[in-house]
Amino acid sequence: MAISYYDYPDEKKYIENRFLTKKLGENRYLITTDHGAWAILSKKEYDLLRLGRLNEDPSLINFLEEKGIILTERNIKKVLSNTRDKFSRVFNGTSLHVITTTLRCNQKCIYCHALSRPMDAKEYDMDEETARAVVDFIFQSPSKTIGIEFQGGEPLANFDIIKYIIEYAKKKNRTEKRDMRFMIVSNLTMMTKEKLKFLLKNQVGLCTSLDGPKEVHDKNRKYFDGRGSYDDVVHWIKDIKKQNAYTLGALPTISKFSLPYWKEIIDEYRRLGFDRIRIRNLMNLGFASARWDEIGYTAEEFLDFWKKSLDYILSLNRKGVRFLEGMTIIIARQFLSKDSQSFTCWGSPCGAALMQTAYNQDGDVYTCDEGRSFDIFKLGNVKENTYKEIYTSDAVLNIVSLSSMKSFLCDNCVWQPFCTNCLTCNYGQQKTLVPKMPESFECKIKKGMIEYVFEKLTNSPDRKYLLDWTRTKRGI
């Protein structure tokens, strides 16, 4: 029979919440809970908690009660409220919709997870009928906010469909009255003055890929004819930044060829006027899977690169140069904020099929952008299924269950409340939806990053910079 609060004797008016533990040092024990609370205790304090003797230290009781690590009549409603807020994304409906306007692309990047097609393969373009059906499907989501993100291939290769979707969605929203925004992820090399003018007029956010200085970028991101794309990308970065009314984002993807250039990549971003960078590891998807031995690396090699990058960025901040690292911000916010995690890939359960949905050029619906790499993550089609049919299906419920991590070794990991299991990345590496977590490339990277950021937050003079970064309102 389960034991309730009222079964305890009068002298013990609390129940231990489910907590996870990690020894950080000789006299430092980290405690975390499912609703995202955490505390660092001394060995004496930890022993009082685990042995049920907190009454010997009233001040410790008050501290743990405030955190929600123990439950009392005074804090139970607050803990429930914090739990509801942390997992609110599960109930709000899909808000981010990634649309593949075409699989055609003028580049053949060595790690492309989208499996792009050559420019003459126009059968991979989305048509107006499909585009209209996608928008109609998107507005079936109950979410009060709608973000539409154009991807590819290279989305600018089918710019007429981008215009059609934006104009049709805005027309539909006159009666729907959702909080709606648009974003495009482009390599920029098919940009024109006319296209940029339209994007500016319609307040479409723009993000591009810049893998670093010329020798790095051109190794990773080539045209189909083998030429590097660096010069054309930088031309448009400079041109767009001259507008002064446009916030341009950029991200590097780190391949094996990038590893020696952590300092040069950051310096390149600064040289081009960016005030932040978000360093992404390579994913074992798409073209990268077939070439992993050539372009991939171990989790340890990537973590070494990322730590060197972060340390260099922090050294710049100590010199008065405010420059931010996006993954650090995402992780730090997990520990510092009670709000629901807005970044799809770091919630538990993750945002796949909850916060994010992806649509290919034929109207097929996938769990997320990366899910387009494998048919196992296909959920249905906008011409054949309604939103309700798809989002109450066994396929979606299974994805939510699998990404919640409650079935895996993750459930006993102290970092579990601040992390998630990426099903697509693990499937790409291990070809199973139930990953072997100790061997998971994704798990090793995320755990290493979390531990490094947490140490900076709790045991380093650099804490002040991370606190400053998390207050920024602009994108990461």
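The structure is a predicted model, in which local features need pLDDT of at least 70, side-chain atom pairs count only at pLDDT 80 or more, and totals for chains, interfaces and linings use all residues. Residues are numbered from 1 along each chain as its sequence is written, and side-chain values use heavy atoms, with hydrogens and water left out.

Charged patches were examined first. Patches are made of residues with over 30% relative accessible area and no salt bridge, with like charges joined within 9 Å and nonpolar side chains (Val, Leu, Ile, Met, Phe, Trp, Tyr) within 5 Å. Lys and Arg count as positive, Asp and Glu as negative, while His and the chain ends are not counted. Each charge is placed at NZ of Lys, CZ of Arg, CG of Asp or CD of Glu. Accessible areas come from the Shrake-Rupley method with a 1.4 Å probe, and for residues only the protein chains shown count as cover.

Helices (H or I, at least four residues) and strands (E, at least two) are DSSP runs, numbered from the N terminus. H5 gives the largest share of the positive patch, 3 residues. Arg 174 sits in helix H5, which covers residues 159-176. Its relative accessible area is 60%, so Arg 174 is exposed. The cut-offs are under 20% relative accessible area for buried and over 50% for exposed, with partly exposed in between (1.4 Å probe, protein chains only). Lys 201 belongs to helix H6. Lys 201 is exposed because its relative accessibility is 71%. Arg 174 was also compared in position with Ser 460: the two are 286 residues apart in sequence and 50 Å apart in space, C-alpha to C-alpha.

Asn 202 occupies the loop between helix H6 (193-201) and strand S9 (204-209). With a relative accessible area of 12%, Asn 202 is buried. The side chain of Asn 202 makes a polar contact of 3.0 Å with that of Lys 170. A polar contact is a pair of N or O atoms within 3.5 Å; within protein, one must be able to donate a hydrogen and the other to accept it, and residues adjacent in sequence count only if both atoms are side-chain atoms.

A negative surface patch consists of Asp 127, Glu 128, Glu 129, Asp 160 and Asp 362. Glu 129 lies in helix H4, residues 128-138. Glu 129 has 58% relative accessibility and therefore counts as exposed.

Side chains of opposite charge can pair when their charged atoms come close. The whole structure contains 28 salt bridges (a side-chain nitrogen of Lys or Arg within 4 Å of a carboxyl oxygen of Asp or Glu). One of them joins Lys 214 to Asp 218, with the closest N and O atoms 3.1 Å apart. These two residues are 4 residues apart in helix H7 (residues 214-220), so about one helical turn separates Lys 214 and Asp 218. Lys 214 is partly exposed at 37% relative accessibility, whereas Asp 218 is buried at 14%.

A salt bridge also links Lys 446 and Glu 442, at 3.6 Å from N to O. Lys 446 and Glu 442 are 4 residues apart in helix H17 (residues 441-459), and therefore about one helical turn apart. Both Lys 446 and Glu 442 are buried. Arg 372 pairs with Asp 369 in a salt bridge, the closest N and O atoms lying 2.7 Å apart. Arg 372 and Asp 369 are both buried. A network of salt bridges connects Asp 311, Arg 318, Lys 456 and Asp 462.

Gly 152 and Gly 153 are joined by a cis peptide bond, with omega about 20 degrees. Gly 153 falls in the loop between strand S7 (145-151) and H5. Leu 115 has a phi near 55 degrees, a positive value in a residue other than glycine. Leu 115 is placed in the loop between strand S6 (96-100) and H4. Its relative accessibility is 30%, so Leu 115 counts as partly exposed. Lys 177, a residue other than glycine, has a positive phi near 55 degrees. The loop between H5 and strand S8 (179-185) holds Lys 177. Lys 177 is exposed, with a relative accessible area of 66%.
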